[in-house]
Structures are given as C-alpha cells and as structure tokens.
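New notebook page. I want to get my bearings in this one, piece by piece, and write down what I look up.

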Amino acid sequence: MKCIEEKMWFQVESSGTAVTLGKFDGLHRGHQILLDKIEDQKKNGLDSMVFTFDMPPSTLITGRTRQQLNTNEERARRLERQGLDYLIVYPFNDQVCHMEPEGFVEQILCGCCHASYLAVGTDFRFGYRRSGDAELLLRLASKYGYECEVVEKAMDGNRAISSTYIREELAAGHMEKVNALLGYPFTVSGRVIHGAQLGRQWGMPTLNLQPDPYKQLPPGGVYCSCTIVDGVVRPGITNIGYKPTVSDAGIRGVESYLFDFDGDLYGKDVEVMLLSHVRPEHRFESVDLLKKQIASDIAFGKEYFKKYPVKSLQKCYEII
Ligand SMILES: Cc1cc2nc3c(=O)[nH]c(=O)nc-3n(C[C@H](O)[C@H](O)[C@H](O)COP(=O)(O)O)c2cc1C
Ligand SMILES: Nc1ncnc2c1ncn2[C@@H]1O[C@H](COP(=O)(O)OP(=O)(O)O)[C@@H](O)[C@H]1O
C-alpha cells in the first residue's frame, strides 16, 4: 500500500483509481461496503484508494479533539491488510477548508488522484462549509469522466451503523454489540512496556501497554480478550485501568495475562482484541484479595474460551 500523507499537491502513478472518501473511524460494517466497492473495481483495472483527512474535520472547526475508535496507525494497518493500493491522508488546513467542492473534484480527486470511480455514502459532505454532497459528485461525473456510486448506509435494525453509534456502545462497555457493529473485534494496539514486575511474582505475568491518548477505550475493568503476538491469536484476560490496589500513579493502562503462554514480550507490538466485559476494576483492601479475584477472573476467562473457541478469531484476524 502506498501512503501519501500531508501533501497538498501530488500525482499518483496509477492511471486510474477507484476512490472512497471519508474519515473511516472504526472501519465498521458500513465502511466495509464502500471498501468492497473499490476493491471490486480492480477487475476493471483500477487501483483502490481511500481518501481521508489527517484529523477529524470537526477538530479544526470546533477546536475539540475527539477520541477515535482507531488511531491513524491502526486504520492504516487494517487497510493495508485488506489489500488497499493507496491511502491518502490529506492535510486539513485552512486552504482545504475553504476549497469550493468542484475545485476539490477537479484538482484533487481527478488531478492528483486520477479518480475514475468514486464510492461514497448517502450523507457524504465535502468542500467549503460542507456544501459538496453525493448528488454533486453524481452531477459532475460526466464532466470529469468518472463513475460514481452512492451507497446506502448499513443498518442495525432501524439504526444506521455509524462511528457515533459504536462510540456510544463502547462507552457503555457493550463489547459484543461493538464487535457486531464493527464486523471484527475492537482492538487496542501498542508496544509491550515494563510494569512493576509484580505479575510474575504472583505467578501471573501480564503484558502492559500504554494506549494512544486519542484512542477511545471502553470503561475500566476486566475483559475476556485475545492478543495477537507475532501473528498468532492467544486467548487471555485483560484489565483496563489504574491498578488502584497497587498503584497511585493515576496512569490508565491495558494489561493482559495470556493463558498457557510463556515468553518474553517486552518491546513487541501486539494487538489486544476485547471480546466481553467481565467486571469493573476495584480497589481491594489487600493484595491477597486482588490475587484471589484475578484467579477467579482467569477461571472465568478459560470457561469463556471453551464456549467461543479462538480458532474463529484467528480467521477473523487473517481477514482484518
Ligand atoms: C484479570 C486482571 C484483573 C485485574 N483487576 C484489578 C483490579 O480490580 N484492581 C486492581 O487494582 N488491579 C487489578 N489488576 C491489575 C493488577 O494489580 C496487576 O496485574 C498487578 O499489579 C501486576 O502488575 P504489573 O504488570 O505492573 O506487575 C488486574 C489485572 C488482571 C490481569
Ligand atoms: N502468559 C503471559 N502473559 C503475559 N505476559 C507474559 C506471559 N508470559 C510471559 N510474559 C512476559 O512477562 C512480562 C510480564 O511480567 P510481569 O512480572 O507482569 O512484568 P511487568 O510488570 O513488567 O509487566 C510480559 O511483558 C511478557 O514479556
């Protein structure tokens, strides 16, 4: 996958691209329909392209930074695994904000990206004051020589699947719902760092991650999880939180104990998939009580994986 970031003017090598545009936060089941459309255009000799901005447009306009379902790195990794040819992360500056919609189509989509095919959702907006929409893209198609498809939203019952909907479910800790809406397990990625080295002394070593500050996490607590280490999906149990029983540092971390695994993971990049909420994090009166509770969490987790074997998740990782 070629990634073109932060450049206002460029020329892709491809002579024709199939482009979908948007923020793609979460790369959920609705986004997947658009991605399938552009991948499908490979049969017509086009290269697939996702065109996105380097930050949520709402950030520049409102000055607020909202946490995201996936970090830009996570989004790029998933798109690359799906076989995308081009990822454009376009700068979202004042000049771009003030661009008239037709200028954007002519100069950027056609001029820089060589778009021959566009797929967008029904509510897609672009250009100055969001004045460009799907209808305009359809109207300009023959003038600029591209084909345009406007795709209906994927639904969950009578609610459209959206990043906002998934963020709400994530904030409530409904991992089964989140994962059903995403179409794959919600994943936190990061590099394994050193903790206080208490876990090993307790016979339960735990890998620690410091998640990206812009990554939205579910509520603190214990989750059945699978962790991808060197391409292998390993079942385990994860705590998200501050470890209030043993620490007053006030740093929120993600920490996983992998079942039936032994090995040195420090410095490795891993991905923790959160599958099911078990309980909230507590401050225990003693370390002994915490250890007893963790032993019972581990037993619960092992039972969970008897019901939901990891095999299906390995498959899911491979298609991510
Ligand atoms: C399944 C699981 C549940 C946990 N639950 C809690 C908890 O409720 N409260 C808490 O203070 N720490 C909790 N922890 C964090 C432990 O305090 C932590 O694993 C231990 O201090 C070892 O940390 P270390 O990796 O820094 O050595 C939990 C950890 C795991 C793996
Ligand atoms: N089953 C396992 N689950 C998680 N980490 C493991 C496991 N076996 C070995 N490890 C290794 O042990 C480290 C955790 O040991 P621990 O004593 O909890 O130290 P720390 O506090 O630095 O995380 C992990 O970072 C990893 O390298």
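Ground rule before I look at sheets: two strands pair if DSSP finds at least two bridges between them. Helices (H or I, at least four residues) and strands (E, at least two) are DSSP runs, numbered from the N terminus. I'm working on a predicted model, where local features need pLDDT of at least 70 and side-chain atom pairs count only at pLDDT 80 or more, while totals for chains, interfaces and linings use all residues. Residues are numbered from 1 along each chain as its sequence is written, and chains are lettered from A and ligands numbered from 1 in the order in which they are written.

**Entry 1: the whole thing.** I count 11 helices and 16 strands in the protein. The C-alpha trace spans about 70 × 40 × 40 Å along its principal axes. I checked the radius of gyration (taken over C-alpha atoms; the globule rule is 2.2 Å times the number of residues to the power 0.38). The protein has 22 Å, which agrees with the value near 20 Å for a compact globule, because that is what the rule gives for 320 residues.

**Entry 2: two domains.** The domain assignment (bounds come from an automatic or database domain assignment) gives me domain 1 at 2-156 and domain 2 at 185-319. Their C-alpha centres lie 35 Å apart. How many residues of domain 1 are in contact with domain 2? Six, and they meet six residues of domain 2; contact here means C-beta atoms, placed from the backbone, within 7 Å. On the domain 1 side, I find one nonpolar, four polar and one charged residue. For those classes, Ala, Val, Leu, Ile, Met, Phe, Trp, Tyr, Cys and Pro count as nonpolar, Asp, Glu, Lys and Arg as charged, and the others, Gly among them, as polar.

Entry 3: I traced an open sheet of six strands in the order 1-4-3-2-5-8, with parallel pairing. Strand 1 (2-5) and strand 8 (147-151) are the edges, each pairing on one side only. From one strand to the next the twist averages 20°. Axes are lines fitted to C-alpha atoms, for helices over the stretch in contact, and angles run from 0 to 180 degrees between N-to-C directions. Strand 3 (47-53) and strand 4 (86-90) pair in the parallel sense over five bridges, and I noted that Phe-53 has Tyr-90 of strand 4 as its bridge partner. Helix 6 (134-144) packs on this sheet, where I see it touching strand 5 (115-121) and strand 8; the direction of helix 6 makes about 160° with that of strand 8.

Entry 4: Next I followed a closed barrel of six strands, 11-12-15-14-13-16, with antiparallel pairing. Its twist averages 45° from one strand to the next. Three bridges join strand 12 to strand 15. Which residue of strand 15 is the bridge partner of Asn-239? It's Glu-255, and Glu-255 is also the bridge partner of Asn-208.

**Entry 5: ligand 1.** I listed 22 residues around ligand 1, the closest being Gly-195, Ala-196, Leu-198, Asn-239 and Thr-245. Near means a C-beta atom, placed from the backbone, within 6 Å. Helix 9 (198-201), strand 14 (232-241), strand 15 (253-258) and helix 10 (287-307) each give two or more residues to this shell. Helix 10 gives the most, with three residues. I sorted the shell into nine nonpolar, eight polar and five charged.

**Entry 6: ligand 2.** Around ligand 2 I got 19 residues, and the closest are Gly-195, Gly-199, Arg-200, Pro-205 and Leu-265. Helix 9, strand 12 (207-209) and strand 15 each supply at least two residues. This shell sorts into nine nonpolar, seven polar and three charged.

Terms used
Two residues are in contact if their C-beta atoms, placed from the backbone, lie within 7 Å.
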